[in-house]
Amino acid sequence: MVDIHCHILPGFDDGSPDIDESLAMARMAASSGVTAIVATPHFPGEAASLQRLDALVGKYGQLVRAVEQAGLPLKLYPGAEILCLPETPRLAARQALPTIGNTSYLLAEFYFNESAGYMSQMLDALAEAGYHPVVAHPERYRAVQLDPGLAEQWFLQGYILQLNKGSVLGAFGARVQQTATRILDGGYAHLIASDAHGSVRRTPHIGALRQWMEGRVEPAYAQVLLERNPARLVEGRPMVPPDASAGR
């Protein structure tokens with residue numbers, strides 16, 4: 001599995017506080033079958049954040065060296081989780097935003113109470129600027145919970161939908177889990193990622209996720225969600241369209 005959303009970068013955001021915790025997360029992920037991780041620290045989409053790009057690159061290099069020295073069978077990719085703000089479209093037009101593995105795929109998030117119109121407008125602006133938006137955890141947004149058809153709309157527009165492991169397993173409550181399940185059942189999810197923040201809570205271990213999916217999701221669809229699409233994404237290749245019937 002390739003985990004395309006993980007807050008494993010040491011000391012950059014509310015994820016791993018230091019390199020020791022990052023290595024603990026890396027070991028946990030590898031032990032559960034994860035072969036690659038995209039380090040996606042929170043990155044507000046505003047001009048002030050660009051001053052932290054050098055720090056982001058430096059932390060990423062530190063993590064790569066530590067994982068190599070520890071001999072862990074884990075490949076790392078650079079990335080960021082971009083919080084879409086009013087200033088974000090201007091930065092997108094300048095191609096100034098960090099992406100997943102330096103591809104055109106951009107992991108985009110929103111405040112959980114943002115309106116449907118605002119989120120759609122931002123995703124459209126990112127696409128117009130040449131990015132391929134990957135919507136982080138759509139099931140956690142109130143607008144999608146109230147109108148699951150919004151996820152279908154984004155899917156039909158070609159935007160990539162990434163569910164959280166914790167959402168599927170019920171870690172964020174029944175409403176989030178129900179919304180994630182509806183997206184899965186509709187066949188609108190392209191991939192699932194850990195959105196891990198540590199080695200104790202919200203971890204990168206995927207064992208429970210694989211167990212949950214057995215008997216609930218067709219094996220071919222599970223492979224698309226956990227393996228095929230994540231691997232294609234970090235290579236900058238087109239996604240495999242999920243088969244709606246496989247999600248049922």
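Two strands pair if DSSP finds at least two bridges between them. Helices (H or I, at least four residues) and strands (E, at least two) are DSSP runs, numbered from the N terminus. The model is predicted: local features need pLDDT of at least 70, side-chain atom pairs count only at pLDDT 80 or more, and totals for chains, interfaces and linings use all residues. Residues are numbered from 1 along each chain as its sequence is written, and side-chain values use heavy atoms, with hydrogens and water left out.

**View 1. Strand S7 and its partners.** S7 pairs with strand S8 (residues 160-164) in the parallel sense over three bridges, and Ala136 stands opposite Gln162 in S8. Strand S6 (residues 105-109) also runs parallel to S7, joined to it by four bridges. Here Leu106 stands opposite Pro133 in S7.

**View 2. Burial of strand S7.** S7 (residues 132-136) is largely enclosed by the rest of the structure, because four of its five residues are buried (under 20% relative accessible area, with a 1.4 Å probe and protein chains only).

**View 3. The buried residues of helix H1.** Glu21, Ser22, Leu23, Met25, Ala26 and Ala29 are buried in H1. Their cover includes strand S1 (2-6), strand S2 (36-39) and helix H2 (53-69).

**View 4. Length and ends of helix H1.** H1 (residues 19-31) has 13 residues and should span 18 Å at 1.5 Å a residue, which agrees with the 18 Å between its end C-alpha atoms. The expected span is 1.5 Å times one less than the number of residues. At the start of H1, a side-chain oxygen of Asp18 comes within 3.2 Å of the backbone nitrogen of Asp20. Gly33, which follows H1, has a positive phi near 105 degrees.

Methods: Buried < 20%, exposed > 50% of the residue type's maximum accessible area, 1.4 Å probe, protein only. Contact = heavy atoms within 4.5 Å. Polar contact = N/O pair within 3.5 Å; in protein donor to acceptor, adjacent residues only side chain to side chain.
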